[in-house]
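Subject: A structure for you to explore

Hello,

Here is the structure I promised to pass on. Please have a look at it first, and then read on for what I found.

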Amino acid sequence: MIRVALVDDQQLIRAGFRMVVDSQEDMTVVAEAGDGAAAIATLAALDPPADVALVDVRMPGTDGIAACAAITGSSPTKVVILTTFDLDEYVVAAIKAGASGFLLKDAPPEDLLAAVRTVHAGDAVIAPSSTRRLLARVAAMPEPVDDARLASLTEREREVLALMARGLSNAEICAELYLAEPTVKTHVGRVLAKLGARDRVQAVVIAFEAGLVARG
């Protein structure tokens, strides 16, 4: 079972999310909170911890970004930021705070459930429109930043990272490099480990910032 926590200042929204999550055989809601401060305290008290927390970005007091940073900094819980505002600053702040997902609240229920499963499996989910603008923003940085972590990558791992930065899935990387999917999964795992990246999105941002991928 995937243990899910719900953090939103609107009780009706939490009730809707709970109904969607609890309808699944492989998920259960283990905690709710109405603001960031309550979320930090509630999740810290959970034993075992929640696997995934769905966190609203705008809440009174401690907002979702601050709550995300505190939660990911002190527990293995993965955070998916949910918002009605598809704004660049929220996406960038969420990733810096350790979020593994960023979705709009008007996403279909099946997309929300898929995001929970994907993040629980160790990958990242960012709304497509947000991803495009996030990478465009990173690509527009004036100069690449030297990153010693890239030096630890093998030539094949750098190829895999470059293809990840182009937005290719594991299956598409397999086709591009003529590799078996288990081999690609191994390469992706090693790339994330060597870069110290939480997920593909953070690894892609590192690739753009370091100039591994052509900008623009």
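Let me start with a question: how many of the five residues of S3 are buried? Keep S3 in view while you read; the reply comes once the setting is clear.

**The overall picture**

Please bear in mind that this is a predicted model. The chain is built from ten helices and six strands. It has 216 residues, and 44% of them count as buried. Its accessible surface comes to about 10300 Å², with 55% of that belonging to carbon and sulfur atoms. Among contacts with a separation of 6 or more, 67% are between residues 24 or more positions apart.

**The sheet, and the reply about S3**

The six strands form an open sheet in the order S2-S1-S3-S4-S5-S6, with parallel pairing. At the edges are S2 and S6 (125-126), each of which pairs on one side only.

Now for S3: five of its five residues are buried, so the strand is mostly covered. Val52, Leu54 and Asp56 point one way from S3, while Ala53 and Val55 point the other way. S3 runs parallel to S1, and four bridges join the two; here Val7 stands opposite Val55. S3 also runs parallel to S4, this time with five bridges, and Leu54 stands opposite Val80 in S4.

Further along the sheet, S5 (residues 101-104) pairs with S6 in the parallel sense over two bridges. Gly101 has Val125 in S6 as its bridge partner.

In soluble globular proteins, nonpolar side chains tend to be buried together. The largest nonpolar core in this model has 28 residues, and Val55, Val79, Ile81 and Phe102 touch the most other members. At least two residues of this core come from each of S1 (2-7), S2 (27-33), H2 (36-45), S3 (52-56), H3 (64-74), S4 (78-83) and H4 (88-96).

Leaving aside neighbours within four places in sequence, Ile81 is in contact with Val55, Val57, Gly64, Cys68, Ala94, Ala99, Gly101, Phe102 and Leu103. Apart from this core lies another, of 23 residues, including Leu161, Leu168, Cys174 and Leu195.

**Helix H1: which residues face inwards?**

H1 has twelve residues and reaches 16 Å from its first C-alpha to its last, close to the 16 Å expected at 1.5 Å a residue. Which residues of H1 are buried? They are Arg14, Phe17 and Val21. Seen down the axis of H1, the buried residues fall within an arc of 65°, so they line one face of the helix.

Is Ala15 buried, exposed or partly exposed? Its relative accessible area is 41%, which lies between the 20% and 50% cut-offs, so Ala15 is partly exposed. The C-alpha atoms of Ala15 and Glu32 are separated by 9.6 Å, and these residues are 17 apart along the chain.

**A few residues worth a visit**

Asn170 is in H8 (residues 170-177). Its relative accessible area is 16%, under the 20% cut-off, so Asn170 is buried. Not counting residues up to four places away in sequence, Asn170 touches Glu181, Val184, Lys185, Val188 and Arg200.

Two backbone details go with a general rule: most residues other than glycine have a negative phi, and most peptide bonds are trans. Tyr178 is not a glycine, yet it has a positive phi of about 60°. Tyr178 sits in the loop between H8 and H9 (181-195) and counts as exposed, at 74% relative accessibility. As for the peptide bond from Asp47 to Pro48, it is cis, with omega near 5°. Pro48 is in the loop between H2 and S3, which brings you back to the strand we began with.

Enjoy exploring!

Best wishes

Methods. Residues numbered from 1 in each chain as written. Predicted model: local features only at pLDDT ≥ 70, side-chain atom pairs only at ≥ 80, totals over all residues. Heavy atoms only, no water. Buried < 20%, exposed > 50% of the residue type's maximum accessible area, 1.4 Å probe, protein only. Contact = heavy atoms within 4.5 Å. Areas by Shrake-Rupley, 256 points an atom, 1.4 Å probe, with all protein chains shown as cover. Core = buried A, V, L, I, M, F, W, Y, C linked by side-chain atoms within 4.5 Å. Expected span 1.5 Å × (residues − 1). Arc of directions from axis to C-beta. Pairing = 2+ DSSP bridges.
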